[in-house]
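Here are my notes for you to read with the structure open beside them. Take the points one at a time and find each piece as you go.

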Protein chains: 2
Amino acid sequence: MVSAGAPLGVFDSGLGGLTVVRALRRSLPGEHIVYLGDTARVPYGTRSAETILRYARSCAAELTQRGVKALVIACNTVSAVAVERLRAELDLPVMGVIVPGATAVVRVAEQHGAQRVGVLGTLGTIASNAYPRAVAQLSTRIEVIGQAAPLLVPLVEEGWLEGDVPRLAVRRYLEPLVAAGVGALVLGCTHYPLLHGLIAEVATELRGAPLPVVDSAEATVTLVEAWMREGIIGQRAGGALGRLELLVTDRPTSFAEQAGRFLTEPLPEVELIELRP
Amino acid sequence: MVSAGAPLGVFDSGLGGLTVVRALRRSLPGEHIVYLGDTARVPYGTRSAETILRYARSCAAELTQRGVKALVIACNTVSAVAVERLRAELDLPVMGVIVPGATAVVRVAEQHGAQRVGVLGTLGTIASNAYPRAVAQLSTRIEVIGQAAPLLVPLVEEGWLEGDVPRLAVRRYLEPLVAAGVGALVLGCTHYPLLHGLIAEVATELRGAPLPVVDSAEATVTLVEAWMREGIIGQRAGGALGRLELLVTDRPTSFAEQAGRFLTEPLPEVELIELRP
């Protein structure tokens, strides 16, 4: 096992995974984190499974070479196609966001007696059927209704988090889910937590009652904490705030500007790196 | 010069350049066309200039190897950073979409006595200042106001071409241009012609009078015809409809589904190819 003082490695195709970093900073502020956003190849959500796996391997190789103690794939699209392969290929704990999100939504559905849950995600995540598969391993009674929502990532990246355009787009994506009678919803893309409030509000309007909304970024951090308690990932000793490193493969300045929307702490300098293909 | 019977090579980061193909088919139906959509690396609009140039070189190499007689860069982002470099490096006529679009909008502005013109484009195209530079070479009196409109490409790719969401998004992007008093508008992205009607309609509402809207895909084909008349590009003899080949670097099935929105003719099979990096 890599030393407990080593950083957690977190990667995503771009910015979205910073919602996982934000949740990690809140719950585990003592951990060092190296975040890699593969901005030269963003978005992954529209790529084929073979292409996504190839990209994921190069991100994972970069982070393992930097000595991380565990790998958090902070991207639903990559988690959907690559988490088991990377786990088999790498000699360290590897976690995706889908199993944690599915686990959390099943728990919430059971608490509320819901038989159907909805998942919002990119085209790639929905087409992969990863959430229905993950939920099926946890419960045989709960049905998953998927809804691809390709406009939500561009809306978040444009910073249109409030107002008519995001509200109407969210409404259009939620209508079929509410019509199908889902009793809980999981945000199956790490960009979506920035629209959490709006999504919950529109869902309540459409449904006439609050709809529990699960954030897979938060759910993932809950699982990181559990793996630390179980000794699968070491926990860094000492109370000081951990170091945060931000690496990208293209346009560090633009990344730094947008990252402020995701993180509340003062940002470190964003480093431009090149990945082996 | 390559034989007049050889195909025209057209490339874009993805689907958008098919609006140029559509305009070519209308005006020059006898020409063979090889279209390359670099769907594995789409979108280029958010990449750095160095990255875009590297990608453009690999697309151009693929098409020249296939024996095209001229290269049409059917992408504003690539045209903004790579057209002059590719022209210097390659031994065949190379055309972008920006000079034709700028030429057309200047002509329209002069006809209407407008002193300011607007350009809608991706973040990359607007940041490059390519339209202001191109217009400055044609007229010293006309000022260009740029407006990045990052949501319009995802809207077109989602197929949301009508209704409240595209209307409100278009309105939000046009408001500053109309407020600045532009007297003509150029669509500085090859996706936008699919929103041409909506953009013209919203602009008219905001302005209280029609706003001339120039489509750079149409303007580019006008220049291809001019280069043929001038003998810079050979024109294929015979009246039969030319062959259309569609090549992509990822997800051919998804490309084929979406391409129907851009082209009206029955589509050929979409071929998946790999580019040298």
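1. First, a caution: what you're looking at is a predicted model. Keep that in mind through every point here.

2. Start with the two copies. Turn chain A by 180°, with a shift of 0.0 Å along the axis, and it lies on chain B with an RMSD of 0.0 Å. The copies are therefore related as by a two-fold rotation axis. Both use the same surface, with 95% of the contact residues of chain A turning up again in chain B. Which residue of chain A comes closest to the rotation axis? Look for A:Val165, whose C-alpha is at 2.8 Å.

3. Domain 1 takes in 8–96 + 218–272, while domain 2 covers 98–216. Their C-alpha centres are 22 Å apart. Where they touch, domain 1 of chain A gives 26 residues and domain 2 of chain A gives 25 residues.

4. Have a look at the domain 1 side of that contact in chain A. The elements giving two or more residues to it are α1 (18–27), α3 (76–89) and α10 (216–229). Sorted by class, this side has ten nonpolar, twelve polar and four charged residues.

5. Next, find the open sheet of four strands in chain A. Reading across, the order is β6-β5-β7-β8, and the pairing is parallel.

6. Strands β5 (residues 116–121) and β7 (residues 184–188) of chain A run parallel and are joined by five bridges.

7. Finally, hop over to chain B. Helices α4 (residues 98–111) and α10 (residues 216–229) of chain B pack with axes 8 Å apart, at an angle of about 100°. Angles of 65 to 115 degrees count as roughly perpendicular, so that is what α4(B) is to α10(B). Residues in the contact include B:Pro100 and B:Gly101 of α4(B), and B:Ser216 and B:Ala219 of α10(B). The residues of this contact divide into four nonpolar, five polar and no charged.

Methods
Residues numbered from 1 in each chain as written. Chains lettered and ligands numbered in written order. Predicted model: local features only at pLDDT ≥ 70, side-chain atom pairs only at ≥ 80, totals over all residues. Pairing = 2+ DSSP bridges. Axes fitted to C-alpha atoms, helices over the stretch in contact; angles between N-to-C directions. Parallel < 35°, antiparallel > 145°, perpendicular 65-115°, else oblique. Contact = placed C-beta atoms within 7 Å. Nonpolar A, V, L, I, M, F, W, Y, C, P; charged D, E, K, R; others polar. Domains from an automatic or database assignment. Least-squares fit on C-alpha atoms with pLDDT ≥ 70 in both.
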